[in-house]
Amino acid sequence: MSDVSLIIRDGAIVADDWTLFSASDDAGLASLPGGKIIVPFKTWIAERAALVERAANFRAPIGVWIEGADDPALLADSIHEFALIAVNFPKFTDGRGYSTGALLRSRYGFKGELRAVGDVLRDQLFYLRRAGFNAFALRAGKDIHDALNALSDFSESYQGAVDQPLPLFKRRTSHTIEAINV
């Protein structure tokens, strides 16, 4: 059995090459491993300068994970610092992360990896992608290959969202007008 965690990123199953740093580590930032790390939001707020310096010294990108109660606006001035933002879904029924993802993409212009973590299930993936997520770390014990299929459960969406701003009726209208003008 392998210790490599698998995630879904950009529609493919890949090895997770990021290390999650626990804020409860007594050694603090001194215990950070080299390479790509994801730090808690509160750690980023408290240790931003040291983390930016570490990223420059190791030439390794940094990520941050946020909870539903965290205000994504507090990341707005540093959004360019992150290669990855992970949004925690503590339980399946907590939908605050959808709004956080949409805000990070549409209002704050985040272009990097936006990863859903925590209690993430197959049934959520299609909708998470619509809210701007492009990576998913499933809840332990779930079939990642089956979950990958969820991204193609539906061929069209009626409403506009981060992944397709125009609602279906406007997309159909524009195709009809183009066909008439041909």
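How far apart are the end C-alpha atoms of helix 2, and what span should its 12 residues have at 1.5 Å a residue? The model discussed here is predicted. Helix 2 covers residues 96–107 and should span 16 Å, and its end C-alpha atoms are 16 Å apart, which agrees.

**Helix 2**

- Five positions of helix 2 are listed as buried, namely Gly 97, Thr 100, Gly 101, Leu 104 and Arg 105. They cover an arc of only 120° around the axis, which places them on the same side of helix 2.
- An α-helix has 3.6 residues a turn, so residues three or four places apart point the same way.
- Ser 106 and Arg 107, on the other side of helix 2, are exposed.
- The packing partners of the buried residues of helix 2 are strand 5 (62–66), strand 6 (82–89) and strand 7 (113–118).
- Gly 109 follows helix 2 and has a positive phi, near 70°.

**Strand 5 and its neighbours**

- Strand 5, against which helix 2 packs, is mostly covered, with 5 of its 5 residues buried.
- In a regular strand the side chains alternate between the two faces of the sheet. In strand 5, Ile 62, Val 64 and Ile 66 point one way, while Gly 63 and Trp 65 point the other way, and all are buried.
- Strand 4 (residues 37–40) pairs with strand 5 in the parallel sense over 4 bridges, and Ile 37 has Ile 62 of strand 5 as its bridge partner. From strand 4 the chain crosses through helix 1 (residues 41–58) to strand 5, and this β-α-β crossover is right-handed.
- Strand 5 and strand 6 run parallel and are joined by 5 bridges. Here Ile 62 stands opposite Phe 82 of strand 6.

**Aromatic pairs**

- The structure holds 4 aromatic pairs. The ring centres of Trp 44 and Phe 82 are 4.7 Å apart and their planes lie at 65°, so this pair is edge-to-face. The pair links distant parts of the chain, with Trp 44 in helix 1 and Phe 82 in strand 6, 38 residues apart.
- Buried means under 20% relative accessible area. Trp 44 therefore counts as buried at 1% relative accessibility, and Phe 82 counts as buried at 6%.
- One aromatic cluster is formed by Phe 89, Tyr 98 and Phe 133.

Key
Residues numbered from 1 in each chain as written. Predicted model: local features only at pLDDT ≥ 70, side-chain atom pairs only at ≥ 80, totals over all residues. Heavy atoms only, no water. Helix = DSSP H or I, 4+ residues; strand = E, 2+ residues; numbered from the N terminus. Expected span 1.5 Å × (residues − 1). Buried < 20%, exposed > 50% of the residue type's maximum accessible area, 1.4 Å probe, protein only. Arc of directions from axis to C-beta. Contact = heavy atoms within 4.5 Å. Pairing = 2+ DSSP bridges. Right-handed = clockwise from strand over helix to strand, strands pointing away. Phe/Tyr/Trp six-rings, centres within 6.5 Å; stacked < 30°, edge-to-face > 60°.
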